[in-house]
Amino acid sequence: MLIASLAGCDKADTKTDNITLHYLNAKIYPGSAIVCELRRVSNRDFIGCYGKTMSGRSNIHLWEYQNGKYLAINGTARRAAEIHFGGHNNLAIPPLPLPKEIDIGRVLDEFQ
């Protein structure tokens with residue numbers, strides 16, 4: 001099942017669709033709906049992806065969309081990138097530390 005949401009964005013685009021397809025193809029959440037939502041925070045595009053079932057949802061995998069690439073921001077997204085998405089050239093794990101203007105807590109709050 002595919003669910004893509006563009007809350008707080010002016011126009012629909014393929015940013016969430018593309019990463020959702022990566023999740024579906026990797027079968028990260030078999031039997032769950034895959035939800036990827038786009039939020040604009042501090043002039044940056046962030047996508048939160050998670051598995052959703054009748055009993056709740058998984059932890060959010062937080063990505064930043066930048067110049068055609070999805071950058072794994074938090075630990076769950078980094079782990080998914082390492083384990084499931086190694087062969088995808090449009091997914092990357094940025095070096096740590098992240099830029100100080102990225103406040104992971106603040107960004108995650110936008111997806112609650």
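Reply: Let's start with His 84, which is partly exposed at a relative accessible area of 36%. Here buried means under 20% relative accessible area, exposed means over 50%, and partly exposed is in between, using a 1.4 Å probe and protein chains only. Keep in mind that this is a predicted model, where local features need pLDDT of at least 70 and side-chain atom pairs count only at pLDDT 80 or more, while totals for chains, interfaces and linings use all residues. Residues are numbered from 1 along each chain as its sequence is written, and side-chain values use heavy atoms, with hydrogens and water left out.

Me: Thanks! Where does His 84 lie, and what does it touch?

Reply: His 84 lies in helix H2. Not counting residues up to four places away in sequence, His 84 touches Ala 26 and Ile 28; contact means heavy atoms within 4.5 Å. The C-alpha atoms of His 84 and Lys 27 are separated by 8.9 Å, though these two are 57 residues apart along the chain.

Me: And Lys 27, what does it follow?

Reply: Lys 27 follows helix H1, and its phi is positive, near 55°.

Me: Zooming out, how many helices and strands are there?

Reply: The protein has three helices and seven strands. Both are DSSP runs numbered from the N terminus: helices are H or I with at least four residues, strands are E with at least two. From the N terminus on, the order is β-α-β-β-β-β-β-α-β-α. Of the 112 residues, 43% are buried.

Me: Which residues of H1 are buried?

Reply: They are Lys 15, Thr 16, Ile 19, Thr 20, His 22 and Tyr 23. Seen down the axis of H1, they fall within an arc of 150°, so they line one face of the helix. That arc is taken from the directions from the helix axis to the C-beta atoms.

Me: How about His 22, buried or exposed?

Reply: His 22 is buried, with a relative accessible area of 12%. Outside four places in sequence, His 22 touches Phe 85, His 88, Asn 90 and Leu 91.

Me: New topic: how many disulfides does the structure hold?

Reply: It holds one, counting a disulfide as a pair of cysteine sulfur atoms within 2.5 Å. Cys 36 is joined to Cys 49, with 2.2 Å from S to S. Cys 36 lies in strand S2 and Cys 49 in strand S3, so the pair ties together parts that are 13 residues apart in sequence. The link is right-handed, with 115° about the S-S bond.

Me: Are those cysteines buried or exposed?

Reply: Cys 36 is buried at 0% relative accessible area, and Cys 49 is buried at 0% too.

Me: Which residues have the most contacts inside the largest nonpolar core?

Reply: That core has 17 residues, and those with the most contacts inside it are Ile 19, Tyr 23, Cys 36, Ile 47, Cys 49, Trp 63 and Phe 85. H1, strand S2, strand S3, strand S6 and helix H2 each supply at least two of its residues. A second, separate core has 12 residues, including Tyr 50 and Leu 98. A nonpolar core here is a set of buried Ala, Val, Leu, Ile, Met, Phe, Trp, Tyr and Cys residues joined through side-chain atoms within 4.5 Å.

Me: Last one: which peptide bond is cis?

Reply: The bond from Leu 96 to Pro 97 is cis, with omega near 0°. Pro 97 sits in the loop between strand S7 and helix H3. Have a look at Asn 43 as well, in the loop between S2 and S3: its phi is positive, near 60°, and it is exposed at 66% relative accessible area.
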